[in-house]
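My notes follow in the order I took them.

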Amino acid sequence: MGLLALGTPLPWDEAKRYAEHVRTHGITQFLHIWDRLKDRCGDELMWGDEIEYMVIKFDNEGRNAKLSLRQTEILEKLKTITNDIASDRGETDSVPTFHPEYGRFMLESTPGAPYTGALADLLSVESDMRYRRNLARKYLKPNEIPFTLTSFPRLGVPGVFTEPYCDPRDAVSSHSLFLPEEITNPHARFPTLTANIRRRRGSKVAINLPLFIDENTPRPFIDPTIPWDRNLYAEDHEARDGAALPDHIYMDAMGFGMGCCCLQITFQACNVTEARRLYDALVPVAPLMLALTAASPLWRGYIADVDCRWDVVSASVDDRTDEERGLKPLNENRFRIPKSRYASVSLYISEHWFNRPEYNDIYAPHDEAIYERLRGHDIDSLLSKHISHLFIRDPLVVFSETIDQDDTNSNDHFENIQSTNWQTLRFKPPPVNSPIGWRVEFRSMEVQITDFENAAFALFVVLLSRAILNFNLNFYIPISKVDENMARAQRRDALHTQRFFFRKDVFPPGSTFTTPTPTASAASSGTSSPVEGANGVPKEKKLRNCYPDAPKPENGFRRAPVEEEYEEMTLEEIMNGKGDAFPGLLGLVVAYLDTLDFDETTRLRIEGYLDLIRRRTNGSLKTAATWIREFVRSHPEYKFDSVVSQEINYDLVVALDEIERGIRKAEDFLPAGYRSKS
Ligand code: ADP
Ligand code: MG
Ligand code: MG
Ligand code: MG
């Protein structure tokens, strides 16, 4: 979430009158940033993670695991603690930061300072994550635990799932049948966001996840836990009038999506060109990492037939009107909009010669006047399209105190639109008056149960980003195929049941890339000279930025039709390689590691992280989603009716906590050597 400005948020009827104002000034603010920083170059790699937690309270006597709604007190406490630590140490850099999130049961943490490209920093990621988790854990109440669980299995069930209990009848912002008002962070921004999405859309959001049909699940499944006949809020009839689908898990509020936790990674690029190049290269990687990190098979007390949060979050903030969704002819609205504000990327943005116009092959409406304004300011067509595409959206929360801003010194209106376009990747311009450069944020991953796994996935993504730049890799496929991958990635056990579109030849023409042989790479620090890599090139001492581009071949270079550039592969092939021509993403990362000057211990530990990913990919370790699904289905109290009861949920959460702390073995889920070092 962006900054939490203080102020008075306007209800939708008033806020919408300022939509054009916010867009116009938002673009002015972007142009000021552009003018000042478009030529900024030479920024070093800095990067950081964001980890979201849900605070769960155990009621051991009642055998219930509930969401603790003490976010405000917890954050105040953590702020005091971190301030004390900082003043003890006389510096703030190494002291983590805790941030509020949408759910009143959620926390987010980030490292005190971003990691640098120093090789030692790679090994500090897991300990930094653990330090943050332990800090939060230490200052919570007895029986309260910060969990990195993507979705809470019993959010929105009848009965008690929060501590303290709150009644959904008081849900004045969402009008939900299931979630009380108190589920939402009380800061004015969040209830307003919730209410304004509903008002703008003209109905409640409607989320329908396919139910996992088990042996005893009644068919058709008509959910008995939906209060079908309630007549309290104007929208209560929607469920019975068709918003709630048979054989689905129906959810009707922003809290179901924005109450999920994820793992995000932000990198600083050398300059704006490299940021755009990296953004594009990671677009096709986003669905793959979603499938690999799948961790959310349980929703509102049921087992779903999907493993991931993405579509839930997407539908939970879908503020498009009937006209925009194509259900009615356009009359009051300006655009037909194919996707929710929370969705996969719709446009590649790099001007690199790899990027063929054919890859941007889906309809992504843009605001023509804004596009022309950006073009008139000498911004190229691709970036102008990107920004004017984001700016088709209305601002959802407008504070009366900050309507008029100094556009040379604020990016608030720009960020209002930018930060409520929640896409798989985010291209982040430098903030005003800050030393930070052009950045890219990778946003598709589900948060993992342990920090060992979170560190492994964070490291994999940052190493892959360097491999992309170092070897000049080309991952482009048509964006319609990335969208198809996004849909496939969320299916049950997608990792092993689905095939994904991927590019066949990822190397630039004339590349001399040679696949490292497993023995050479595993023992690389022991064999040849420790400081010399392939062809006698000295090994690098850090992860860096600012790589030279692959030169565009001159005459005689012919491109194959786009359809011949990609094929469907299993995730195992994409990760581990296929034939001689494609070493797989893990192979590319290993080859990149071979260019770095590691000592043996560091290299071995990094191999340990990659090995987790390798074993998840080949199925010798399960994803969290599969492990959780199997735990529920093998629980003695499970009736094979798709229902996750209070007791099953309690036992599941206890088990996950014990796994995280290393006191319960789960060798089908984590490597045998996993130990919590708390
Ligand atoms: P948001 O919620 O807007 O995505 P956060 O501030 O929560 O952003 O997290 C940003 C992440 O970026 C943190 O992990 C932080 O350490 C990292 N970061 C901070 N400064 C830089 C920088 N200059 N370059 C790259 N990453 C940075
Ligand atoms: Mg967050
Ligand atoms: Mg954040
Ligand atoms: Mg973020």
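This is a predicted model: local features need pLDDT of at least 70, side-chain atom pairs count only at pLDDT 80 or more; totals for chains, interfaces and linings use all residues.

**Entry 1**

The closest cysteine sulfur belongs to cysteine 260, at 7.4 Å. I count a disulfide within 2.5 Å, so this gap is too far for a bond. I also checked the cover on cysteine 261. The residue is buried, with a relative accessible area of 0%.

**Entry 2: the disulfide**

Next I searched the whole structure for disulfides. I found 1. Cysteine 270 is joined to cysteine 546, with the sulfurs 2.2 Å apart. I read 95 degrees about the S-S bond, and the link is right-handed.

Where do the two partners sit? I placed cysteine 270 in the loop between E10 and helix H8 (272-282). Cysteine 546 lies in the loop between helix H17 (518-522) and strand E18 (566-570). The pair therefore ties together parts that are 276 residues apart in sequence.

Cysteine 546 is partly exposed, at 31%.

**Entry 3: a neighbor of the bonded pair**

I then turned to cysteine 41. Its closest cysteine sulfur is in cysteine 270, at 3.9 Å. My cut-off for a disulfide is 2.5 Å, so I noted this pair as too far for a bond. Cysteine 41 is exposed, with a relative accessible area of 52%.

**Entry 4: ligand 1**

Which residues come closest to ligand 1? I got a shell of 17 residues, and the closest are Asp49, Glu50, Glu108, Gln268 and Glu441.

Aspartate 49 uses a backbone N or O atom, 2.8 Å from an oxygen atom of ligand 1. Glutamate 50 places a polar side-chain atom 2.9 Å from an oxygen atom of the ligand. Glutamine 268 has a side-chain N or O atom 2.9 Å from a nitrogen atom of ligand 1.

I checked the cover next. Ligand 1 exposes 570 Å² when taken alone, and the protein buries 82% of that.

Which elements give two or more residues to the shell? I listed strands E1 (46-59), E4 (106-110), E10 (263-268) and E16 (439-442). E1 gives the most, with 5 residues.

Last, I sorted the shell by class. I have 7 nonpolar, 4 polar and 6 charged residues around ligand 1.

How values were computed
Residues are numbered from 1 along each chain as its sequence is written. Chains are lettered from A and ligands numbered from 1 in the order in which they are written. Side-chain values use heavy atoms; hydrogens and water are left out. A residue is near a molecule or strand if one of its heavy atoms lies within 4 Å of it. A polar contact is a pair of N or O atoms within 3.5 Å; within protein, one must be able to donate a hydrogen and the other to accept it, and residues adjacent in sequence count only if both atoms are side-chain atoms. Accessible areas come from the Shrake-Rupley method with a 1.4 Å probe; for residues, only the protein chains shown count as cover. Helices (H or I, at least four residues) and strands (E, at least two) are DSSP runs, numbered from the N terminus. Ala, Val, Leu, Ile, Met, Phe, Trp, Tyr, Cys and Pro count as nonpolar, Asp, Glu, Lys and Arg as charged, and the others, Gly among them, as polar. Buried means under 20% relative accessible area, exposed over 50%, partly exposed in between (1.4 Å probe, protein chains only).
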